[in-house]
Amino acid sequence: MKNLLLQIFTWWNGQTLGTRFFTWRNGKRVGEDEFGNVYYEGGMTSFGLPRRWVIYKGYAEASAIPAGWHGWMHYRTDVPPSKENYVAREWQKPHHENLTGTPFAYRPKGSLDATGERPRVTGDYDAWTPGA
């Protein structure tokens, strides 16, 4: 019952009822990634390309798509990683979720969110103070 209510009233917890119906009617399952996201293809876009979509396991977070599947989703390749022996290149980092908005987000030196004081750089100006 909880799953049904989530599908009716939320879009960020996996698929909605509309997406479930569309997928059942038009989708052909292409594969699944290591995170449990399921990829589908079916129908045609207005550009004449096959429509592709993903049903996320858990929250709908676009950064949860690994590099190989990202290339397939964006039509950079016609062969999905499930149909070939996809091996990440040596320069590709392992996938991890988007950490923006969490305590583990990247905060470079000088960022307003970084701890400490911003280092002084050339070109800094001295702020005007009244009476000085």
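Predicted model: local features only at pLDDT ≥ 70, side-chain atom pairs only at ≥ 80, totals over all residues.
I started at Glu32, which comes out as partly exposed at 42% relative accessibility. My scale here: buried is under 20% relative accessible area, exposed is over 50%, and partly exposed lies in between (1.4 Å probe, protein chains only). Residues are numbered from 1 along each chain as its sequence is written, and side-chain values use heavy atoms, with hydrogens and water left out.

Which side chain meets Glu32 in a salt bridge? I found Arg29, with N to O at 2.6 Å. By salt bridge I mean a side-chain nitrogen of Lys or Arg within 4 Å of a carboxyl oxygen of Asp or Glu. Arg29 is partly exposed too, its relative accessible area being 46%. Side chains of opposite charge can pair when their charged atoms come close.

How many salt bridges does a search of the whole structure find? I got 3. Besides the Glu32 and Arg29 pair, I noted Arg52 with Glu41, at 3.0 Å from N to O. Arg52 lies in strand 3 and Glu41 in strand 2, so this pair ties together parts that are 11 residues apart in sequence. I take helices (H or I, at least four residues) and strands (E, at least two) as DSSP runs, numbered from the N terminus.

Then there is Asp78, which forms a salt bridge with Arg52, the closest N and O atoms being 3.8 Å apart. That pair links distant parts of the chain: Asp78 sits in the segment after helix 3, Arg52 in strand 3, and 26 residues separate them. I logged Glu41, Arg52 and Asp78 together as a network of salt bridges.

Buried or exposed, for Arg52? Arg52 is buried, with a relative accessible area of 10%. Asp78, on the other hand, is exposed at 65%.

I also checked what else Arg52 reaches. Its side chain gets to the backbone oxygen of Thr77 at 3.4 Å, and it makes a polar contact with the side chain of Glu41 at 3.0 Å. A polar contact is a pair of N or O atoms within 3.5 Å; within protein, one must be able to donate a hydrogen and the other to accept it, and residues adjacent in sequence count only if both atoms are side-chain atoms. Not counting residues up to four places away in sequence, Arg52 touches a list of residues including Tyr40, Trp72, Met73 and Tyr75. Contact here means heavy atoms within 4.5 Å.

I see an open sheet of 3 strands in the order 1-2-3, with antiparallel pairing; two strands pair if DSSP finds at least two bridges between them. Its edge strands are strand 1 (28-32) and strand 3 (50-55), each pairing on one side only. On average, neighbouring strands are turned by 30° against each other, direction ignored.

Helix 2 (residues 17-26) packs on the sheet and touches strand 1, strand 2 and strand 3. Its direction makes about 135° with that of strand 3. For such angles, axes are lines fitted to C-alpha atoms, for helices over the stretch in contact, and values run from 0 to 180 degrees between N-to-C directions.

Strand 1 pairs with strand 2 (residues 38-44) over 4 bridges, and there Gly31 has Tyr39 as its bridge partner. Strand 2 and strand 3 pair over 5 bridges, with Glu41 opposite Arg52. These two strands form a hairpin with 5 residues between them, and Gly48 in the turn has a positive phi of about 85°.

**The core**

What makes up the largest nonpolar core? I listed 8 residues: Val30, Tyr39, Val54, Tyr56, Ile65, Trp69, Trp72 and Met73. Such a core is a set of buried Ala, Val, Leu, Ile, Met, Phe, Trp, Tyr and Cys residues joined through side-chain atoms within 4.5 Å. Helix 3 (residues 67-73) gives the most to it, with 3 residues. Met73 touches Tyr39, Arg52, Trp53 and Val54, leaving out residues up to four places away in sequence.

**Asn98**

Last stop: Asn98, in the segment after helix 3. Asn98 counts as partly exposed at 39% relative accessibility. Its C-alpha atom is 7.7 Å from that of Ala64, 34 residues apart along the chain. Aside from neighbours within four places in sequence, Asn98 is in contact with Glu61 and Ser63. I also noted a polar contact between the side chains of Asn98 and Thr100, at 2.8 Å.
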